[in-house]
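Let's take a walk through a protein model together. Keep the sequence and the 3D view open while you read.

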Amino acid sequence: MGIFIDTCHQFLLAGRIYFLWFVIYSFVGWCYESAICSQVKYHKFINRGFLQGPWVPIYGAGAVINYLLIGWIGNVPGVFLAAMFTSGVVEYLTSYAMERLFHKRWWDYTRYRYNLNGRICLYGCVIFGAANVVLLRFVHPTVIAITEAIPDQVLTGIVIFLYLLFMTDIVYTVVQMETIRVRIEHFYRQLQDRHICHRYMLGEQKEYLRICVEEKKDYYRSCVVEKKDHYRNSVNEKRDYVSSFLEEKKNYYQDRFIEIRDRCFGRLERISIRSREDFSCREIVARMKERFRFR
């Protein structure tokens, strides 16, 4: 029983150190992402961390995991290659887990060459490999010396304070993101409902317009037929009227012409009789009658 208690005590003591290292390197990663990367890419300060506080947990977790897994490697090329592999695995698993949990990606390497599903890329692995060489060879020994010099009670107080602050930040961030996710889903459902309603209304209006067009088409078709019949009857009436009018005028002027002709020929006959030019005048009159006679 005493051995188990001593083991748990040693594990807790080691856990304090590891958690403090985790927080330190998370803060360093936050400074790198929010200050350096933001200034280079966006020319302004942006909190690029997942949490609200000044830390990016993936940097702290990667640094501690690399120290535990590859800290024993003695040569620089071995540390570089091993750090490339472990950092790529940690980054890929973190990206996959966060996307599954929160349905969002915090980084995307699809525009980089030699990427794997946009979660990791060769360029990032090389950068993390080189950074871990510097970290494990030069930076971390100094961090170990500083953290080991802290008294146990002070170290315990600092770790408890940072742990409570870190867990509060996690809970607050998760609750806030869940609230945002619920609002987005609610808004999306409203958009879907409106889309369905608009599609239904559009279908109703389309059917109404189709019916109106059919009714108007039938109405104008009937109007065209009616007007066509009306104008045909009107033309026929006008044609009959003009024909009867012309026939009437023809008969009238024909009768007048015959009347005037007979009157003229009668006078000519009387003149020829008086002049005793019987044969020649009568023959001329007969010929003129024959010529001006209506067939």
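E91 is buried, because its relative accessible area is 5% and buried means under 20% (exposed is over 50%, partly exposed in between, with a 1.4 Å probe and protein chains only). You'll find E91 in helix α3. Leaving aside residues up to four places away in sequence, E91 touches I58, W107, Y109, R119, I120 and F128, where contact means heavy atoms within 4.5 Å.

A quick word on the ground rules. This is a predicted model, so local features need pLDDT of at least 70 and side-chain atom pairs count only at pLDDT 80 or more, while totals for chains, interfaces and linings use all residues. Residues are numbered from 1 along each chain as its sequence is written, and side-chain values use heavy atoms, with hydrogens and water left out.

Now zoom out. The protein has six helices and two strands, and along the sequence they follow the pattern α-α-α-β-β-α-α-α. Helices (H or I, at least four residues) and strands (E, at least two) are DSSP runs, numbered from the N terminus. Of the 295 residues, 24% count as buried. Among contacts with a separation of 6 or more, 66% are between residues 24 or more positions apart.

One of the buried residues is G124, with a relative accessible area of 8%. G124 lies in helix α4. The C-alpha atoms of G124 and M84 are separated by 8.6 Å, though the two residues are 40 residues apart along the chain.

How do α2 and α4 cross? Their axes come within 11 Å and cross at roughly 80°, which makes α2 roughly perpendicular to α4. Axes here are lines fitted to C-alpha atoms, for helices over the stretch in contact, and angles run from 0 to 180 degrees between N-to-C directions. Under 35 degrees counts as roughly parallel, over 145 as roughly antiparallel, 65 to 115 as roughly perpendicular and the rest as oblique. On the α2 side you'll see Y59, A63, N66, Y67 and I70, and they meet F128, N132, L135, L136, H140 and I144 in α4. The residues of this contact divide into eight nonpolar, three polar and no charged.

Next, the rings. The structure holds 15 aromatic pairs: rings of Phe, Tyr and Trp (its six-membered ring) pair if their centres lie within 6.5 Å, and planes under 30 degrees apart count as stacked, over 60 as edge-to-face and the rest as tilted. Here are two of them:

| Pair | Centre to centre | Angle of planes | Type |
|---|---|---|---|
| W55 and F166 | 5.4 Å | 75° | edge-to-face |
| Y112 and Y123 | 5.7 Å | 5° | stacked |

W55 sits in the loop between α1 (2-41) and α2 (57-70), and F166 in helix α5 (residues 152-274), so the pair links distant parts of the chain, 111 residues apart. Both W55 and F166 are buried. They also belong to one aromatic cluster, together with F19, F22 and Y163.

Y112 counts as partly exposed because its relative accessibility is 27%, whereas Y123, at 52%, counts as exposed.

Finally, R119 lies over the face of Y92, at 5.6 Å from the ring centre. A charge sits over a ring if NZ of Lys or CZ of Arg is within 6 Å of the ring centre and within 35 degrees of the ring normal.

Methods: Nonpolar A, V, L, I, M, F, W, Y, C, P; charged D, E, K, R; others polar.
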